[in-house]
Amino acid sequence: MKEKAYFVNVANFIWLVIITFIFNSQMKAQELESNEKNLISNQEREQNIMTKTDSEWKAILTEEEYRILREKGTERPFMGKYDGHFEEGEYVCAGCGETLYTSQTKYNSGCGWPAFSDGIEGKIDESKDISFGMPRTEITCSNCGGHLGHVFKDGPAPTGLRHCVNSVSLDFKPKKDQE
Ligand SMILES: [Zn+2]
């Protein structure tokens with residue numbers, strides 16, 4: 001009886017080792033797969049930024065969109081189509097269609113441009129801008145590099161941020177259309 005019990009234990013132990021080994025190698029394969037997927041999408045992302053020439057952008061953007069998105073222009077305050085716009089939905093990049101902001105973070109700042117207390121994580125890049133002798137933080141679409149506006153630290157809680165964005169840099173997708 002003792003010997004039988006010993007063999008059962010050994011057999012169980014061997015099974016455990018085999019199962020653990022199989023499980024681990026599957027986990028590793030999955031990790032590798034998801035890393036590769038990330039690499040591909042990063043490559044595509046870089047291609048998106050790098051490969052569009054000025055004339056290609058001119059062909060797909062209106063004159064005003066080109067001036068603001070690609071030449072870092074600014075629309076006139078209080079004139080933009082999304083300044084006083086508070087419907088539920090998502091705001092996407094007018095250049096590439098990437099979703100950048102949701103209506104939940106949009107608020108009425110009174111500054112004359114659409115204002116958001118935060119962007120969707122990872123979708124917006126920040127860089128130093130010292131044009132016009134004013135040190136500011138420029139915000140751009142992380143997918144296509146399109147100029148959105150600037151971010152200031154006078155926004156509402158919890159972020160304390162004000163993403164001041166040109167309406168021209170955005171397109172709006174109402175909530176009911178998102179299904
Ligand atoms: Zn974009």
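The model is predicted: local features need pLDDT of at least 70, side-chain atom pairs count only at pLDDT 80 or more, and totals for chains, interfaces and linings use all residues. Residues are numbered from 1 along each chain as its sequence is written. The protein chain has three helices and nine strands; helices (H or I, at least four residues) and strands (E, at least two) are DSSP runs, numbered from the N terminus.

**Overall layout**

- Reading from the N terminus, the protein chain runs α-α-α-β-β-β-β-β-β-β-β-β.
- Of its 179 residues, 22% count as buried. Buried here means that 20 or more other C-beta atoms lie within 10 Å of the residue's own, with exposed meaning 12 or fewer and partly exposed in between; C-beta atoms are placed from the backbone.
- Among contacts between residues at least 6 apart in sequence, 55% join residues at least 24 apart. A contact is a pair of residues whose C-beta atoms, placed from the backbone, lie within 7 Å.

**The six-stranded sheet**

- Six strands form an open, antiparallel sheet in the order S3-S4-S8-S7-S6-S5. Strands S3 (106-107) and S5 (124-129) stand at the edges with a single partner strand each, so one side of each is left without a neighbour in the sheet. Two strands pair if DSSP finds at least two bridges between them.
- Strand S4 (residues 115-116) and S8 run antiparallel and are joined by two bridges, with Cys164 in S8 as the bridge partner of Ala115.
- S7 and S8 (residues 162-165) pair in the antiparallel sense over four bridges; here Gly149 stands opposite Val165.
- S8 is covered on both faces: Arg162 and Cys164 are buried on one side, and His163 and Val165 are buried on the other.
- S6 (residues 136-141) also pairs with S7 in the antiparallel sense, over four bridges. The two strands form a hairpin with five residues between them, and Gly145 in the turn has a positive phi of about 80°.

**A closer look at Thr140**

- Thr140 lies in strand S6, and its bridge partner in S7 is His147.
- Thr140 is buried, with 21 other C-beta atoms within 10 Å.
- Leaving out residues up to four places away in sequence, Thr140 touches Asp125, Gly145, Gly146, His147 and Leu148. Thr140 and Asp125 are 15 residues apart in sequence, while their C-alpha atoms are 5.2 Å apart in space.

- The buried residues of H3 (residues 63-70) are Glu65, Ile68 and Leu69. They cover an arc of only 90° around the axis, which puts them on the same side of H3; the arc is that of the directions from the helix axis to the C-beta atoms.
- An α-helix has 3.6 residues a turn, so residues three or four places apart point the same way.
- These buried residues of H3 pack against strand S7 (147-152).
- After H3 comes Lys72, with a positive phi near 60°.

**The three-stranded sheet**

- Three strands form an open, antiparallel sheet in the order S2-S1-S9. S2 and S9 (170-174) stand at its edges, each with a single partner strand, so one side of each is left without a neighbour in the sheet.
- Neighbouring strands of this sheet are turned by 30° against each other on average, direction ignored. For such angles, axes are lines fitted to C-alpha atoms, for helices over the stretch in contact, and angles run from 0 to 180 degrees between N-to-C directions.
- S1 and S9 pair in the antiparallel sense over five bridges, and the partner of Cys93 in S9 is Leu170.

**The main nonpolar core**

- The largest nonpolar core has 20 residues, and those with the most contacts inside it are Ala94, Leu100, Ile124, Cys141, Leu148, Val165 and Leu170. H3, S1 (89-93), S2 (99-102), S4, S6, S7 and S8 each give two or more residues to this core.
- A nonpolar core is a set of buried Ala, Val, Leu, Ile, Met, Phe, Trp, Tyr and Cys residues joined through C-beta atoms within 7 Å.
- Leu170 touches Tyr82, Tyr91, Val92, Ala94, Pro114 and Val165, not counting residues up to four places away in sequence.

Conventions:
Two residues are in contact if their C-beta atoms, placed from the backbone, lie within 7 Å.
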